[in-house]
Amino acid sequence: GSDGLPHDVFPHPRLWGAFPRVLGHYARRRGLFSLETAIHKMTGLPAARFGLVGRGVIAPGAAADLVVFDPERIADTATFAQPKQPAAGIDTVYVNGVAVWRDGASTGARSGTVLKRTAASPAD
């Protein structure tokens, strides 16, 4: 679960570290699945499941939602005592082609948008 309440004084550490934990701990350290499989489970698979056409893939015409990270360094650092700790190993985050996170801090850009289902999901 990556959900959480970001304005809580002490949010659950998963708010800042759910996906980095999967990449660093479960894929790299424990070897439960490949990095590519982990990334697909966080991007392309849910985008397809929820009918978000043009999301979760790197392809011409798709939204440029990208995370540039070092696969050897990616790791969650948030704890219950210090839950608002940025993950290690993330260089830049782009949302709709705009850098929103760079060098360990927000850029202040707010390029996100409400996403609406554009195709029926397999469960519909």
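**Entry 1: Ser111**

I started at Ser111: leaving aside neighbours within four places in sequence, this residue is in contact with Val95, Asn96, Val98 and Val100. Contact here means heavy atoms within 4.5 Å. I am working on a predicted model, where local features need pLDDT of at least 70, side-chain atom pairs count only at pLDDT 80 or more, and totals for chains, interfaces and linings use all residues. Numbering runs from 1 along each chain as its sequence is written, and side-chain values use heavy atoms, with hydrogens and water left out.

I placed Ser111 in the segment after strand 4. Helices (H or I, at least four residues) and strands (E, at least two) are DSSP runs, numbered from the N terminus. Is Ser111 buried or exposed? Ser111 counts as buried because its relative accessible area is 17%. The cut-offs are under 20% for buried and over 50% for exposed, with partly exposed in between (1.4 Å probe, protein chains only). A polar atom of the Ser111 side chain lies 2.6 Å from the backbone oxygen of Val95.

**Entry 2: Arg55**

Next I went to Arg55, in the loop between helix 3 and strand 1. Arg55 has 17% relative accessibility, so this residue counts as buried. Which side chain does Arg55 join by a polar contact of 3.1 Å? The partner is Asn96. A polar contact is a pair of N or O atoms within 3.5 Å; within protein, one must be able to donate a hydrogen and the other to accept it, and residues adjacent in sequence count only if both atoms are side-chain atoms. Beyond four places in sequence, I listed Ala47, Ala63, Asp65, Asn96, Thr113 and Leu115 as contacts of Arg55.

I traced an open sheet of 4 strands, in the order 1-2-3-4, with antiparallel pairing. Two strands pair if DSSP finds at least two bridges between them. Strand 1 and strand 4 (105-106) are the edges, each pairing on one side only.

- Val67 stands opposite Val93, and Val68 opposite Thr92.
- Strand 2 and strand 3 also pair antiparallel, over 4 bridges. Val95 has Val98 as its bridge partner, and Val93 stands opposite Trp101. Their hairpin has 2 residues between the strands, and Asn96 takes a positive phi near 55°.
- Strand 3 and strand 4 are antiparallel over 2 bridges. Trp101 faces Ser106 across this pair. This hairpin has 2 residues between its strands, with Asp103 in the turn at a positive phi of about 55°.

**Entry 3: the largest pocket**

On a 1 Å grid over the protein atoms alone, a pocket is an open set of points where a 1.4 Å probe fits, with protein on both sides within 12 Å along at least five of seven lines; lining residues have an atom within 4 Å of a point.

Of the 45 lining residues, Phe19, Val67, Val93, Tyr94 and Val95 are closest to the centre. Elements giving two or more residues include helix 1 (14-29), strand 1 (66-69), strand 2 (90-95) and strand 3 (98-102). Which element gives the most? Helix 1 does, with 8 residues. By class I noted 30 nonpolar, 10 polar and 5 charged residues in the lining. Ala, Val, Leu, Ile, Met, Phe, Trp, Tyr, Cys and Pro count as nonpolar, Asp, Glu, Lys and Arg as charged, and the others, Gly among them, as polar.
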